[in-house]
Amino acid sequence: GTVLTDTAPKTGNVLQVVQGSSTTQDTTTGNTFIASSLSASITPSSTSSKILIQVSSIHTNTGNGQGNFTIYRGVTNLAGGSQNSFTFYYSASSYSWVPNTMVYLDSPATTSATTYTPYFKTNTGSSSTFFGSASVEQTITLMEIAG
């Protein structure tokens, strides 16, 4: 094979991949975002790097409520706090499990360890919103992309 000698990655190259997983079922009846048990941390190699976040999980509600989902970087809601910009709406009858995929490209502008966590809440009604299941593995994948 060819020995790679280029020490300067090209823009768009994947520099590292980190994955976290969970089989915990989290639940809330509140209308304030709470952290799920799923998270992963990555340490970018450059402040110009971008982080591609991919979350794969399942969720449901009791009754006919709605759940909202977003991703936090540390204590920062990547949706910017707006219900319509990045939160995910779901409405179904009791216990219909639905796949939930979230993808977001972040620019953290840091070389410090950075943690990403899906958050969720109940949006309407008095139903419970469930994130994840003990019988299905949820994953979060972080990819550092050279900037």
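# Close-up views of a predicted model

**View 1. A109 sits in the loop between β9 and β10.** Strands here are DSSP runs (E, at least two residues), as helices are (H or I, at least four residues), and each kind is numbered from the N terminus. Welcome to a predicted model, in which local features need pLDDT of at least 70 and side-chain atom pairs count only at pLDDT 80 or more, while totals for chains, interfaces and linings use all residues. Residues are numbered from 1 along each chain as its sequence is written, and side-chain values use heavy atoms, with hydrogens and water left out. Most residues other than glycine have a negative phi. A109 is not a glycine, yet its phi is positive, at about 55 degrees. Is A109 buried or exposed? A109 counts as exposed because its relative accessibility is 55% (exposed means over 50% relative accessible area, buried under 20% and partly exposed in between, with a 1.4 Å probe and protein chains only).

**View 2. Ring pairs join F33, Y72 and Y119 into a cluster.** Rings of Phe, Tyr and Trp (its six-membered ring) pair if their centres lie within 6.5 Å; planes under 30 degrees apart count as stacked, over 60 as edge-to-face and the rest as tilted. Searching the whole structure turns up four aromatic pairs. One of them is the edge-to-face pair of F33 and Y72, with 6.4 Å centre to centre and 70 degrees between the planes. This pair connects distant parts of the chain, 39 residues apart: F33 is in the loop between β2 (26–28) and β3 (34–35), and Y72 is in strand β6 (residues 66–73). F33 and Y72 are both buried. Y72 also forms a stacked pair with Y119, at 3.7 Å centre to centre and 20 degrees between the planes. Here again distant parts of the chain are linked, since Y119 belongs to strand β10 (residues 114–124), 47 residues apart from Y72 in β6. Y72 and Y119 are both buried.

**View 3. K121 places its charged end over the ring of F33.** The distance to the ring centre is 4.8 Å. For a charge to sit over a ring, NZ of Lys or CZ of Arg must be within 6 Å of the ring centre and within 35 degrees of the ring normal.

**View 4. Strand β12 has both faces covered.** On one side lie Q138, I140, L142 and E144, on the other T139, T141, M143 and I145, and all are buried. V17 stands opposite M143 in β12. Strand β5 (residues 50–61) also pairs with β12 in the antiparallel sense, over seven bridges, and here Q54 has T141 as its bridge partner.

**View 5. S133 lies in the loop between β11 (129–131) and β12 (138–145).** S133 is buried, with a relative accessible area of 7%. Which residues touch S133, leaving aside neighbours within four places in sequence? S133 is in contact with T23, T24, Q25, I58, W97 and Q138 (contact means heavy atoms within 4.5 Å).

Conventions: Pairing = 2+ DSSP bridges.
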